[in-house]
Amino acid sequence: MESMGIGIVGCAGRMGRMVARVVEETDLCALAGGTEYQGAPVIGQDLGELAGIGAKGLAVGDDPAALFAAADAVIDFTTPAALLVHAGLAKATKTVYVAGTTGLGGEHEAALTAAAAETAVMQAANMSLGVNLLLALVAQVSAALSPDYDIEILEMHHRHKVDAPSGTALALGRAAAAGRGVELEAVAQKVRDGVTGPRRPGDIGFATLRGGDAAGEHSVIFAGEGERLELTHKAGTREIFARGAVRAALWCRGQPAGRYTMRDVLGLER
Ligand code: NAD
């Protein structure tokens, strides 16, 4: 099979550089180019040198339209404002589009859905394969265990993180709640302090740890009488998100136009 040309918008970012490295070491795909915002100091630099993988003969550009025209797939870890432009280009050029940028609102969702009418669009706020498997496992386990098993979600992130609980912890909570057929907001216990009284049956509790440079750790604990089941994911590096994105791009090849998630990429049942 011919190699898939992958373009990277935001190629100088933490994720963009990582994606370039992963594309370079993955079979069946090759770098097709990269862009940054107009006026960025890296414009004109070699994409490979920027990513620390040696010169590739591809200069960082500032014209995303040209990149979408040249690439078979484009991977986006930029900003919500840039994603709006990129989603429009994916629609116009019918290029496979993998969007990992977070902080999206209604207009971004609408732009992704519009692009998905013309091409395969995969969007996920967490592209690590492990977290997406964990989401599915948590829903399954929660559905299988009786509500006598108390569910607690523990997460730890680096000291710079500004929100709590993490978006992934909340997604895990939603998966656990869905397994029980309830809405997370009705049962979530996000903070405990002082004399709280006994645990309310059916609650899903959260505990947040912050410190050091932890890339992201999540445990979902099912605590029953006499036994405890704990499902844990530990992110050691941002490379796992880049690997998920590249895997998604390859998976999208040959898929009909439509919106996809990492669950589709992994072949997990909805
Ligand atoms: P970053 O700030 O290091 O990188 C973003 C890059 O986008 C920068 O180099 C910036 O100059 C560039 N950019 C901004 N506007 C642009 C434009 N118009 N055209 C081209 N490039 C432009 O950030 P990061 O840590 O790489 O994260 C980027 C995004 O990805 C964030 O929204 C983050 O939350 C998200 N993220 C998602 C996942 C996931 O698994 N889905 C994982 C990690 C990060």
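A polar contact is a pair of N or O atoms within 3.5 Å, and in this predicted model a backbone N or O atom of Arg14 lies 2.8 Å from an oxygen atom of the ligand. The ligand is surrounded by 21 residues, and the closest are Met15, Glu36, Thr102, Met127 and Arg238.

From the ligand we turn to the packing of helices. Two packed helices are described by the angle between their axes and the distance between the axes. Helix α4, residues 80-93, packs against helix α5, residues 106-115, at an angle of about 15° and with the axes 8 Å apart; because angles under 35 degrees count as roughly parallel, α4 is roughly parallel to α5. The two helices cross in a left-handed sense. On the α4 side the contact involves Pro80, Ala81, Leu83, Leu84, Ala87, Ala90 and Lys91, which meet Glu107, His108, Ala111, Leu112, Ala114 and Ala115 of α5, and by class these residues comprise 10 nonpolar, one polar and two charged.

A second pair is formed by helix α6, residues 129-144, and helix α7, residues 167-180, whose axes are 7 Å apart and meet at an angle of about 30°, so that α6 is roughly parallel to α7. Here the crossing is right-handed. Among the residues making the contact are Leu134, Leu135 and Val138 of α6 and Ala171, Leu172 and Arg180 of α7, and the contact as a whole has 10 nonpolar, three polar and one charged residues.

Conventions
Residues numbered from 1 in each chain as written. Predicted model: local features only at pLDDT ≥ 70, side-chain atom pairs only at ≥ 80, totals over all residues. Heavy atoms only, no water. Axes fitted to C-alpha atoms, helices over the stretch in contact; angles between N-to-C directions. Helix = DSSP H or I, 4+ residues; strand = E, 2+ residues; numbered from the N terminus. Parallel < 35°, antiparallel > 145°, perpendicular 65-115°, else oblique. Left-handed = near helix turned anticlockwise from the far one by under 90°. Contact = heavy atoms within 4.5 Å. Nonpolar A, V, L, I, M, F, W, Y, C, P; charged D, E, K, R; others polar. Near = heavy atom within 4 Å. Polar contact = N/O pair within 3.5 Å; in protein donor to acceptor, adjacent residues only side chain to side chain.
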